[in-house]
Amino acid sequence: MPSHRRPLAAAAFLALLLPLSACGSGGDDGGSTDASGKVEGDISFQTWNLRANFKPYFEGLIADFEKKYPGTHVKWIDQPAEGYADKISADAAGGTLPDVVNVSPDLVAPLAKAGLALDLDKAAGAYRSEYLDGAWASHRVPGLNGTYAFPWYLNTGPLFYNKALFKKAGLDPDTPPRTYDDLFADALRLAGKSDGKVATLANVPTIEDFGRYGVPLMNKEGTAFAFDDGKGVELLTKYKELYDAKALDPQALTATPESAGKKFLTEAVAMNPGSALDLGNFKKQAPGLYKDIGITDQITSTGHVNMYVMGVMVNSRTRHTPAAVAFAHFVTDARNQMSFARKVAIFPSTAGSLDDPYFTKEDGTDETRVRVAAAKSLKNAVNYTPVLFSEQMKTALRNEVAKALQGKESPREALDNAVKACDRLLKQQG
């Protein structure tokens, strides 16, 4: 299964796709955008590294669909995680793109720009109300009108915090920070009370942080980035204050999720994102820490946490549009999403599903404790990462943030430079 926290940078193959006039499983230049006809015919369905762990689930799913719609046949293709974006690019260029494809928002963007992803607002708008608003919106592409994939499974992570460290600093251990203003105030207090020995965070701000702070990330046309506005500068200035006060871990500039987790484990950092697996590790490796663990939502000043989302796209060139749309909807409907969520630690994107007792009732286990906390925050979550924001852009932003924190550039200069770099990369995408 692909990582929910590391979407691939697929937009680089946009230039390859734009000239295409004949893509799709049919190999001709046309499918219909009308999904209202009879559901019949042979279609292909491609997943992203799911066969090894979920073969029985998908075989059962396909059998159920073919039983519901006699006259249909679904060929299941599963591709490895490594090179998935390249495989989609090659299939698109060769006219062999499957009828229904498992995508992330950044993977669907170049396909939509090339006219290869079916606009579901037009072809399947009747289904929109079945999904969470934020999930449905996640496969929209700036500069285009439409939605280009059904939302499928979601993920997010709650925030762990060390109640004992909060109490030692004179903070209420049962009232963790929720907004960035709260966070900055608490972090400076924790650092001051510990003479700089306890940082609150172990990571520098990412594009998601700017989004959760309320910074506009791009213009409405999707032609330029905008996170160097006054609010963006304000956020980075606050992080610089944390860094100088040792409220942000000195090694945050080179931190990985693993190194940040170790800092939290050794109680050198007071807050860190995590999962049920982390709770299990704390229980074994640091029972004292485990006893004092608090779980809260991600920090946000917008009222909406960040979500990671996978989708199911319909190839606009399919020769069997009704069957392809029906199958993509079937894979992502409430019943089948709920069934899949019980087999793996993900969350359904369908409206109402997160109210199921599976996501709301505690049973005393760590796994359920984290699942309930995450599900609660997902109902109104947003995918803040722009679909056009590539891995190269993330690196450019991280490098400039590091310069600002080290005092080599002002926050304003750093963000201006980051935006210029990202805009250059955006133009190279086409």
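How many aromatic pairs does the structure hold? In this predicted model, the count is 31 aromatic pairs. A pair of aromatic rings is described by the distance of the centres and the angle of the planes.

Start with Tyr180 and Tyr213. Their rings sit 5.5 Å apart, centre to centre, with 90° between the planes. That makes the pair edge-to-face. Tyr180 belongs to helix α8 (residues 180-193), and Tyr213 to helix α9 (residues 207-213). The two residues are 33 apart in sequence, so their pairing ties together separate parts. Tyr180 has a relative accessible area of 1%. Because buried means under 20% relative accessible area, Tyr180 counts as buried. Tyr213 is buried as well, at 4% relative accessibility.

Now turn to Phe264 and Phe282. This aromatic pair is tilted. Phe264 lies in helix α11 (residues 257-265) and Phe282 in helix α12 (residues 276-285). The pair links distant parts of the chain, 18 residues apart. Both Phe264 and Phe282 are buried.

Ring pairs also build a cluster. Its members are Phe45, Phe54, Tyr57, Phe58, Phe65, Tyr69, Trp76, Trp152, Tyr153, Phe327, Phe330 and Phe340.

Charged side chains meet rings too. Return to Tyr213, the partner of Tyr180. The charged end of Lys231 sits over the ring of Tyr213, 4.7 Å from the ring centre. Tyr213 thus has an aromatic partner in Tyr180 and a charge over its ring from Lys231. Elsewhere, Arg371 places its charged end over the ring of Tyr358, 3.8 Å from the centre of that ring.

How values were computed
Residues are numbered from 1 along each chain as its sequence is written. This is a predicted model: local features need pLDDT of at least 70, side-chain atom pairs count only at pLDDT 80 or more; totals for chains, interfaces and linings use all residues. Side-chain values use heavy atoms; hydrogens and water are left out. Rings of Phe, Tyr and Trp (its six-membered ring) pair if their centres lie within 6.5 Å; planes under 30 degrees apart count as stacked, over 60 as edge-to-face and the rest as tilted. Helices (H or I, at least four residues) and strands (E, at least two) are DSSP runs, numbered from the N terminus. Buried means under 20% relative accessible area, exposed over 50%, partly exposed in between (1.4 Å probe, protein chains only). A charge sits over a ring if NZ of Lys or CZ of Arg is within 6 Å of the ring centre and within 35 degrees of the ring normal.
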